[in-house]
Amino acid sequence: MTTRWTAVRVLRDRTAGRCLTAVVVSGFGTSALWLASGVWVKDLTGSDGLAALCLLAMWTPTLAGPLLGALADRYRRRPLLIVLSLGMAALLLTLCAVDGPEELWLLYAVLFVYGAAGTVHDAAESALVAGAVDRSLLGDFNGLRMTANEGMKLLAPLAGAGLYAAYGGSGVAVLDAASFLAAALVYVSLRVREERPDRAREGGRGATAEGVRHLRGHAVLRPLVLAGGVTMLCAGVSGALTYAVVEDLGHSPAYAGVLYAVQGAGSVTVGLFSGPALRRLGARRFAAYGIGLLAVAVALRAVPHDPVAWASAAAVGVGLPAVLIAVLTEVQRRTPGPLLGRVTATATTLVYTPNVIGLAAGAATVELLGHRVPLSVLGVVLGVTAAVLLAQRPASADRTAARSASDASPA
């Protein structure tokens with residue numbers, strides 16, 4: 001009852017509901033393009049390597065997260081989100097000119113800008129939400145945001161594949177452009193009051209480093225972000241072993257889609273309960289319990305039995321988002337507004353970049369060791385990470401802070 005009530009409170013809150021709508025519509029187009037771009041390149045060139053470069057082009061800009069996030073602190077967030085959304089809508093339409101291998105440079109360039117704009121967009125959106133949404137609703141909002149994103153990952157690739165089959169890559173690009181245009185209209189409809197940033201103070205290397213210093217020196221955020229990075233590193237290695245797991249189960253590679261769907265359903269579910277769980281447990285314990293569940297789930301992936309595989313996929317879907325939701329919510333709660341853009345982007349870089357490293361490491365490891373030994377080792381590493389996070393108590397005030405924030409800002 002409490003979970004449903006807090007979710008309804010988020011949807012009824014004008015600003016929170018509209019920000020969530022913007023996340024859903026833009027996320028739908030992004031998920032569709034993510035799949036279609038690789039298929040597009042594969043069809044044009046026949047090269048798996050060139051197709052893989054699409055993902056690299058979109059991910060590379062996140063490495064500059066601290067620098068890009070500073071842009072979200074130099075400008076008012078709502079106008080910045082509108083400009084970014086309209087700019088990406090216009091840029092995506094240029095992909096209609098891609099008709100052969102000789103135009104692939106344009107696709108890669110657009111995907112690179114897409115990744116950079118997405119990093120700024122996420123930082124600005126997080127800062128806007130933290131300043132405009134009731135603090136008591138931040139955990140619920142981030143949970144519903146996770147639910148919406150995972151829901152899009154289940155639906156949008158299918159829509160993107162169908163649209164690609166009917167109209168080619170340009171059709172998917174038009175869909176994504178329309179989603180950004182819709183998101184811009186949602187941001188235009190927001191009514192939020194923002195102070196004009198001091199650009200002289202927010203510019204330069206010192207301003208970028210200030211976000212890094214905030215994370216490094218914060219007794220609550222530092223262990224959470226480190227735990228998130230270790231978790232995503234292990235998740236990347238585990239993800240790279242998926243097809244070996246499927247083969248050990250005796251199924252065709254397409255069965256991986258079934259496991260991903262089960263995992264996505266778990267992620268959709270945990271998003272609905274994250275707000276109440278954060279209030280009850282605090283971010284540190286919520287993240288640690290999620291990592292502990294993930295440790296068991298990853299280790300069980302080594303068991304070649306279908307019911308176990310389904311259960312472990314669902315548990316991965318529940319456990320992995322817990323630390324991500326906890327990190328984002330605590331960054332929003334414990335970071336001053338003028339720093340929030342660069343701190344969010346820095347935390348995102350530190351948490352998500354290890355996932356890419358883990359994917360590469362897992363691809364190399366499975367050829368040497370198979371999948372069972374690495375999965376067992378990953379389970380131990382994740383278990384230790386969860387235990388260390390639970391044992392750290394700089395936040396004896398962690399649980400209190402999560403509650404007092406709600407008490408101080410009743411809806």
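A search of the whole structure, which is a predicted model, turns up zero disulfides, a disulfide being a pair of cysteine sulfur atoms within 2.5 Å. Cys19 is buried, at 0% relative accessibility, whereas Cys96 is partly exposed, with a relative accessible area of 40%. Here buried means under 20% relative accessible area, exposed over 50%, and partly exposed in between, with a 1.4 Å probe and protein chains only. Residues are numbered from 1 along each chain as its sequence is written, and side-chain values use heavy atoms, without hydrogens and water. Local features need pLDDT of at least 70 and side-chain atom pairs count only at pLDDT 80 or more, while totals for chains, interfaces and linings use all residues.

Helix 2 makes a friendly check on geometry. Helices are DSSP runs of H or I with at least four residues, numbered from the N terminus. Just after helix 2, Gly46 adopts a positive phi of about 75°.

Turning to the nonpolar cores, each is a set of buried Ala, Val, Leu, Ile, Met, Phe, Trp, Tyr and Cys residues joined through side-chain atoms within 4.5 Å. The largest holds 57 residues, and among those touching the most other members are Phe286, Val331 and Leu382. Helix 15 (306–334) is one of the helices that each supply at least two residues of this core, and helix 15 gives the most, with twelve. With contact taken as heavy atoms within 4.5 Å, Val331 touches Leu221, Leu340, Val343, Thr344 and Ala347, leaving aside residues up to four places away in sequence. A second, separate core of 54 residues includes Ala32, Leu84, Leu138 and Ala177.
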